[in-house]
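Q: Please take me through this structure feature by feature. For each one, give the rule for reading it and then the case at hand.

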Amino acid sequence: MPRIKMYTTDFCSYCNRAKRILESKNLEFEEINIHGSAEMRDEIEELTGRRDVPQIFIDQAHIGDDDDLAELAFSGKLDEMFNREGEGTQMEEIKKNSDGNGLEERNVIIIGGGTAGFAAGIYTSRAMLEPLLITGDALGGQLSLTLDLENYPGFFGTEAAKFIQGMQEQAERFGTEVRFDRVTEVDFNRHPFYVKTYDQAYLAKAVIICTGASPRTLNIPGEEKYGGRGVSYCATCDGFFFQEQRLIVVGGGDAAMEEAIFLTRYASEVYIVHRRDQLRASQILQERAFKNDKIKFIWSSIVEEIQGDGEKVTGALLKNVETDETQVFPIDGVFIFVGHIPNTELFEGVIEMDEQDYIVVDNLQSTNIEGVFAAGDVHDHVFRQAITAGGAGAAAAISADKFIAELENRAYPGQ
Ligand SMILES: Cc1cc2nc3c(=O)[nH]c(=O)nc-3n(C[C@H](O)[C@H](O)[C@H](O)COP(=O)(O)OP(=O)(O)OC[C@H]3O[C@@H](n4cnc5c(N)ncnc54)[C@H](O)[C@@H]3O)c2cc1C
């Protein structure tokens with residue numbers, strides 16, 4: 001049996017994601033936490049050329065990070081490597097439930113395993129609809145990418161990853177079936193709706209889209225080339241690689257402030273590069289950032305290029321947008337937090353979207369297609385908070401329950 005080794009750090013949310021992928025496949029692994037060990041950190045860097053975690057090995061082969069692992073898991077290659085052919089795994093369960101034509105019929109399919117998805121799961125399972133929730137690559141969603149959750153009423157100072165795991169447990173306890181899989185195709189022009197994933201095809205009476213949002217990239221030269229080699233989108237994961245080094249954080253919102261403050265645990269200096277002359281972040285986070293001696297601000301500026309020596313980041317080309325002056329700023333790492341884009345490509349041309357590609361919903365969370373609902377950051381470009389995503393997920397679930405009751409000529413409570 002091949003041996004899986006995973007190198008992690010203390011605060012690494014992407015590592016939690018990779019662990020949950022392996023757990024969902026019932027695969028054992030050895031975790032090697034390199035936090036605090038400069039020697040092991042350097043060893044990993046030398047072995048893989050990477051300055052990010054997790055780094056995963058199967059036997060002696062370097063597999064890559066959590067994204068690479070997710071790709072292996074979705075494509076079935078991970079099962080093949082372990083000669084499992086679905087035995088005792090998700091596939092066996094799927095085959096058992098299938099109607100023989102490969103199309104499994106469900107009342108409700110929830111697409112997305114973040115705050116909105118799990119809230120929808122809790123509500124639809126309590127309505128006895130036996131929902132199926134398909135998680136996508138990012139089990140736990142964006143909340144699994146941050147450290148503490150400070151503003152969800154009743155959960156002051158809670159670890160965000162634990163909070164979202166609790167939501168999943170709660171949804172499962174009431175009967176939500178959670179599958180680690182990715183939706184690759186939908187057909188909402190027929191009813192029951194057709195939903196296809198890597199592993200299986202389904203029919204559903206109602207669908208709730210909770211696919212959230214992903215970090216926006218800068219799309220500048222050097223960004224992709226030096227990804228994981230000094231360019232990062234997760235301070236809590238990769239900060240440890242930059243002890244006593246100089247870092248740039250790009251952005252001016254809450255996420256940029258939180259992550260910059262976190263990076264001061266390791267870095268000698270953190271420069272926040274922001275395109276405007278004032279921040280968008282909430283007042284409390286602005287004050288924390290301004291008070292931090294290690295944080296300095298480079299106002300009205302953008303990063304035009306990330307430069308390196310072929311192996312790792314060495315500098316950033318900055319441009320002042322007011323004066324057009326440019327300078328090469330020597331730097332060891334660039335952390336990017338410039339907002340999010342909604343995960344809606346799957347629904348292009350099918351579901352109505354606004355000019356920024358967010359799904360348009362009415363006040364019952366219904367999309368332009370009756371029976372298809374949307375909730376969370378996939379439609380909300382204003383609030384984008386866990387509590388609003390959770391609330392929308394609950395509302396979408398109640399609407400889906402009502403839709404199915406009407407479809408089946410069942411009385412709906414309160415009608
Ligand atoms: C760094 C950071 C810190 C934050 N801190 C806070 C905070 O302190 N407080 C707060 O209230 N909010 C915070 N937020 C915002 C909050 O996390 C989001 O508003 C919330 O997670 C949105 O939930 P969601 O379920 O709509 O989407 P997401 O959390 O984005 O979840 C989307 C889900 O959809 C899945 N998915 C995507 N495509 C597919 C597909 N094709 N098939 C199947 N599944 C798919 C993904 O895998 C994921 O599981 C933070 C966000 C970030 C990035």
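Q: Which residues is Ile272 in contact with, leaving aside its neighbours within four places in sequence?
A: Two residues are in contact if their C-beta atoms, placed from the backbone, lie within 7 Å. By that rule Ile272 touches Val249, Ala256, Ala260, Ile295, Phe297 and Ile298. This is a predicted model, in which local features need pLDDT of at least 70, side-chain atom pairs count only at pLDDT 80 or more, and totals for chains, interfaces and linings use all residues. Residues are numbered from 1 along each chain as its sequence is written.

Q: Is Ile272 buried or exposed?
A: A residue is buried if 20 or more other C-beta atoms lie within 10 Å of its own, exposed if 12 or fewer, and partly exposed in between. Ile272 has 25 C-beta neighbours inside 10 Å, so it counts as buried. Its C-alpha lies 8.0 Å from that of Trp299, 27 residues apart in sequence.

Q: Where does Ile272 lie?
A: Helices (H or I, at least four residues) and strands (E, at least two) are DSSP runs, numbered from the N terminus. Ile272 belongs to strand 16. Two strands pair if DSSP finds at least two bridges between them. Strand 16 (residues 269-273) is joined to strand 15 (residues 246-250) by 5 bridges, and the two run parallel. Val250 has Val273 of strand 16 as its bridge partner.

Q: What is the strand order in the open sheet of 5 strands?
A: The order is 14-21-15-16-17, and the pairing is parallel. Strand 14 (231-232) and strand 17 (295-298) each have a single partner strand, so one side of each is left without a neighbour in the sheet.

Q: Which strands does helix 9 lie across?
A: Angles run from 0 to 180 degrees between N-to-C directions, and the axes are lines fitted to C-alpha atoms, for helices over the stretch in contact. Helix 9 (residues 254-263) lies across strand 15, strand 16, strand 17 and strand 21 (333-336), at about 170° to strand 15. Because 9 of its 10 residues are buried, helix 9 is largely enclosed by the rest of the structure. Among the buried residues are Ala256, Ala260 and Phe262. Their cover includes helix 8 (235-238) and helix 10 (283-291), along with strand 15, strand 16, strand 17 and strand 21.

Q: How do the axes of helix 6 and helix 11 cross?
A: A crossing is left-handed if the near helix is turned anticlockwise from the far one by less than a right angle, and right-handed if clockwise. Helix 6 (residues 115-126) and helix 11 (residues 386-407) have axes that come within 7 Å and cross at roughly 40°. Their crossing is right-handed. The contact includes Ala116, Gly117 and Tyr123 of helix 6, and Gly390, Gly393 and Ile398 of helix 11. By class, the residues of this contact are 12 nonpolar, 5 polar and 1 charged. Here Ala, Val, Leu, Ile, Met, Phe, Trp, Tyr, Cys and Pro count as nonpolar, Asp, Glu, Lys and Arg as charged, and the others, Gly among them, as polar.

Q: Which residues come nearest to the ligand?
A: A residue is near a molecule or strand if its C-beta atom, placed from the backbone, lies within 6 Å of it. Of the 39 residues around the ligand, Gly114, Gly136, Gly141, Gly212 and Gly376 come nearest. Helix 6 and helix 11 are the elements that give two or more residues to this shell. The shell divides into 18 nonpolar, 16 polar and 5 charged residues.

Q: Which strand forms a hairpin with strand 12?
A: Strand 11 does, with 3 residues between the two. Strand 11 (residues 193-197) and strand 12 pair in the antiparallel sense over 4 bridges, and Lys196 has Ala201 as its bridge partner. Strand 12 (residues 201-209) is also joined by 8 bridges to strand 5 (residues 103-111), which runs parallel to it. In that pair, Ile110 stands opposite Ile208.

Q: What is Pro192 in contact with, leaving aside its neighbours within four places in sequence?
A: The contacts of Pro192 are Glu105, Leu203, Ala204 and Lys205. Pro192 is found in the loop between strand 10 (183-187) and strand 11. It has 18 other C-beta atoms within 10 Å, so it is partly exposed.
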